[in-house]
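Subject: Structure for you to look at

Hello,

Here is the structure I said I would pass on. Please open it first, then read the notes below it.

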Amino acid sequence: MKRDKTMFLISIIFFSFSGFVAPLYGDPRIDEIREIYKHATEMEKSDNVFFKHKVVFNTMMPAIGLQTTTMLFIYTADQTDPEEDPYLLEHRLRKIVVEYNIAGSVEYHIEYLYNDKALPVFFFWQEKFTDEEMTEEKRLYFHNKKLIKAIMNYTDMEGSKQKYTAASDFSKEDLSLAHYTIKKALDYRGLFELLISVEHWDK
């Protein structure tokens, strides 16, 4: 009986300590996402143009004028079976960068990051006023298409900064944005797959 009580107390201490260590050392899923982001960003900034597709839209918008939207698709291409067919490649989407402006006064920078399974794992959104210090940033982290962390940063006209972070008990706004973001990320993935297919249509 005494031994059972001792083991019970040890179990409580162990699980309590585990709950303390987890937040202390962070979420390994976030660490993995940051490694994926680091690698994808290195590819984005490299001089290698073979693993990038860029789409540019120049659109005349009412009351705004010319609006340029660019979409950059960063991906890897590996041989699936070099011995069977050396020309057969598997294209894996890594990152998408979308940029556009409104009347030259507000600039938008948006990023979607994907893991090896082509699932979205990170979203970054920035709104920046060119003539003012006002900026707004949103960061969402995902695991298996579920939101695991949300970070919002806001800087007002006077340069005052506000920050909001959540890793659980997400607000309705967080969950709604996450749902919409996942849908867009999957739509962009579909567009990337179409771009890869289009390249071979007349060849």
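Glu 137 is buried, with a relative accessible area of 17%; buried means under 20% relative accessible area, exposed means over 50%, and partly exposed is in between (1.4 Å probe, protein chains only). Glu 137 forms a salt bridge with Arg 139, and the closest N and O atoms are 3.0 Å apart. A salt bridge here is a side-chain nitrogen of Lys or Arg within 4 Å of a carboxyl oxygen of Asp or Glu. Arg 139 is partly exposed, at 21% relative accessibility.

Before going further, note that this is a predicted model, in which local features need pLDDT of at least 70 and side-chain atom pairs count only at pLDDT 80 or more, while totals for chains, interfaces and linings use all residues. Residues are numbered from 1 along each chain as its sequence is written, and side-chain values use heavy atoms, with hydrogens and water left out.

Other salt bridges

The structure holds seven salt bridges. Side chains of opposite charge can pair when their charged atoms come close. One of the bridges joins the side chains of Arg 29 and Asp 27, at 2.7 Å from N to O. Arg 29 is partly exposed at 32% relative accessible area, and Asp 27 is partly exposed at 25%. Another joins Arg 92 and Glu 90, at 3.6 Å from N to O. Here Arg 92 has 29% relative accessibility and Glu 90 has 36%. Glu 44, Lys 95 and Glu 111 are linked in a network of salt bridges.

The chain and its cores

The chain has three helices and eight strands, where helices (H or I, at least four residues) and strands (E, at least two) are DSSP runs, numbered from the N terminus. Their order from the N terminus is α-α-β-β-β-β-β-β-β-β-α. Of the 203 residues in the chain, 33% are buried.

Which residues touch the most other members of the largest nonpolar core? They are Ile 96, Tyr 112, Tyr 114, Phe 123, Leu 140, Phe 142 and Tyr 188, in a core of 28 residues. A nonpolar core is a set of buried Ala, Val, Leu, Ile, Met, Phe, Trp, Tyr and Cys residues joined through side-chain atoms within 4.5 Å. The elements that each supply at least two residues of this core include β2 (65-81), β3 (85-102) and α3 (172-198). The largest share, seven residues, comes from α3. A second, separate core has 11 residues, among them Ile 30, Ile 33, Leu 113 and Ile 148.

Leaving out residues up to four places away in sequence, Tyr 188 touches Met 71, Phe 73, Ile 96, Val 98, Tyr 112 and Tyr 114; contact means heavy atoms within 4.5 Å.

Asn 58

Asn 58 lies in strand β1 (residues 52-61) and is exposed, at 52% relative accessibility. Apart from neighbours within four places in sequence, Asn 58 is in contact with Leu 66, Gln 67 and Thr 68. Thr 68 is 10 residues from Asn 58 along the chain, and their C-alpha atoms are separated by 4.6 Å.

Regards
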